[in-house]
Amino acid sequence: MADAAKPKRVLSGIQPTGRPHWGNYFGAIRQYIDLQEQNDGFYFIANLHALTTIRDADQLRQNVLDIALDLLALGLDPDKATLFVQSDVPEVSELCWVLLSGTPMGLLQRCVAYKEKVDKGIPADAGLFTYPVLQAADILAYDSELVPVGADQVQHIEVCRDVAGRFNHQFGDTFVMPKANVLDDSAKVPGTDGEKMSKSYDNVLPLFGEVKKIRKQIMRITTDSRPMEDPKQPQGDHLYDLYSLFADAGKREEMAAMYLRGGFGYGEVKKAIAEESEAYFADARARRVDLEQNLDHVHAVLQAGAERARNVAAGVLLRAQQACGLK
Ligand code: AQP
């Protein structure tokens, strides 16, 4: 029987393919920070995954450091959770090979995230195609029970369960079965074009960066051309959805009532989004400036995190190697 008092192993990662955006925060990062309180959180910067996109060595190194600064500034607490860089745990890449051998091609061919990228003309390599198996290794290497993610990653967690299930079936119970944890209200945050906000779709609103520039990006969010006086439905409207990420229940109700009355311009909603979002991230912005002055601390956090993560992953890798006859 599961021990209800035992903290759960929570694991998730973020790719250093650019600066984190509102979708990353409300879909995933906010969960990392909430879940670190009662659980054993393992959070990593997925630089091996980013290699399929970033082909500039200095850029990749800088992005990793930037994401570490971002996560710490947003409230990830190294005294409560383990923060590390994916490639600092080579056991994961070794486990990936063990899992790749035994993963049916069809399972990966059905992955929507891969198909959507290819459909949008984003060049694909074998790394992108096999990405869900490396992700499975990331999850299984730490005996992870809960994986906080946005809706776009749910299929990949299913792939992980499938791959782990096959291995357990063939070689005996080896891997812990993980579960995705998705928030209902921010599972798929819309971008400036109303599609899923995504770094590779060029429709993001960043968490950090120049306030004036972000304000301009907000003012350029696409809207429809219905007359101002028309009443409008707030549900399903991406501007209303973005406003709802930041506003409290009272403000959301007021905004919904304004939509239903009509007689307002979308510019008013955009201005409200800019004001609410600036206030929401103000403390994190200030913390980030302080952390930038203390990079030694950031490197020390990543090093301690890597040591802790490697310890766990080495044990799981050995278990898998013994199960399938490599050891
Ligand atoms: N729009 C979104 N709404 C809710 N959650 C989201 N996530 C990403 N976009 C949204 C969640 O953020 C976490 C980290 O994402 P990632 O950087 O590892 O990769 P991603 O999902 O592929 O994010 P992007 O921006 O779409 O990156 P690219 O374009 O480089 O692939 C994940 O938990 C994800 O679900």
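**The ligand and its shell**

Guide: The helix α1 provides the largest share of the shell around the ligand, namely 4 residues. Please keep in mind that this is a predicted model. Helix α1 covers residues 22-35, and together with strand β1, which covers residues 9-14, it belongs to the elements that each supply at least two residues of the shell. In total, 23 residues surround the ligand. The closest of these are His21, Lys117, Asp152, Ser198 and Ser200.

The side chain of Gln15 has an N or O atom 3.2 Å from an oxygen atom of the ligand. At Gly23, a polar atom of the backbone lies 3.2 Å from a nitrogen atom of the ligand. At Gly150 the backbone again takes part: one of its N or O atoms is 2.9 Å from an oxygen atom of the ligand. How much of the ligand does the protein bury? The ligand taken alone exposes 640 Å², and the protein buries 97% of that area.

The packing of helices is the second topic. Two packed helices are described by the angle between their axes and by the distance between those axes. Consider helix α3, residues 57-74, and helix α12, residues 266-292: their axes come within 8 Å and cross at roughly 130°. Because of this angle, α3 is oblique to α12. The crossing of these two helices, α3 and α12, is right-handed.

A further pair consists of helix α4, residues 91-100, and helix α13, residues 295-324. Their axes are 9 Å apart, and the helices pack at an angle of about 25°. An angle under 35 degrees counts as roughly parallel, and therefore α4 is described as roughly parallel to α13. As for handedness, α4 and α13 form a left-handed crossing.

Methods: Residues are numbered from 1 along each chain as its sequence is written. This is a predicted model: local features need pLDDT of at least 70, side-chain atom pairs count only at pLDDT 80 or more; totals for chains, interfaces and linings use all residues. Side-chain values use heavy atoms; hydrogens and water are left out. A residue is near a molecule or strand if one of its heavy atoms lies within 4 Å of it. A polar contact is a pair of N or O atoms within 3.5 Å; within protein, one must be able to donate a hydrogen and the other to accept it, and residues adjacent in sequence count only if both atoms are side-chain atoms. Accessible areas come from the Shrake-Rupley method with a 1.4 Å probe; for residues, only the protein chains shown count as cover. Axes are lines fitted to C-alpha atoms, for helices over the stretch in contact, and angles run from 0 to 180 degrees between N-to-C directions. Angles under 35 degrees count as roughly parallel, over 145 as roughly antiparallel, 65 to 115 as roughly perpendicular and the rest as oblique. A crossing is left-handed if the near helix is turned anticlockwise from the far one by less than a right angle, and right-handed if clockwise.
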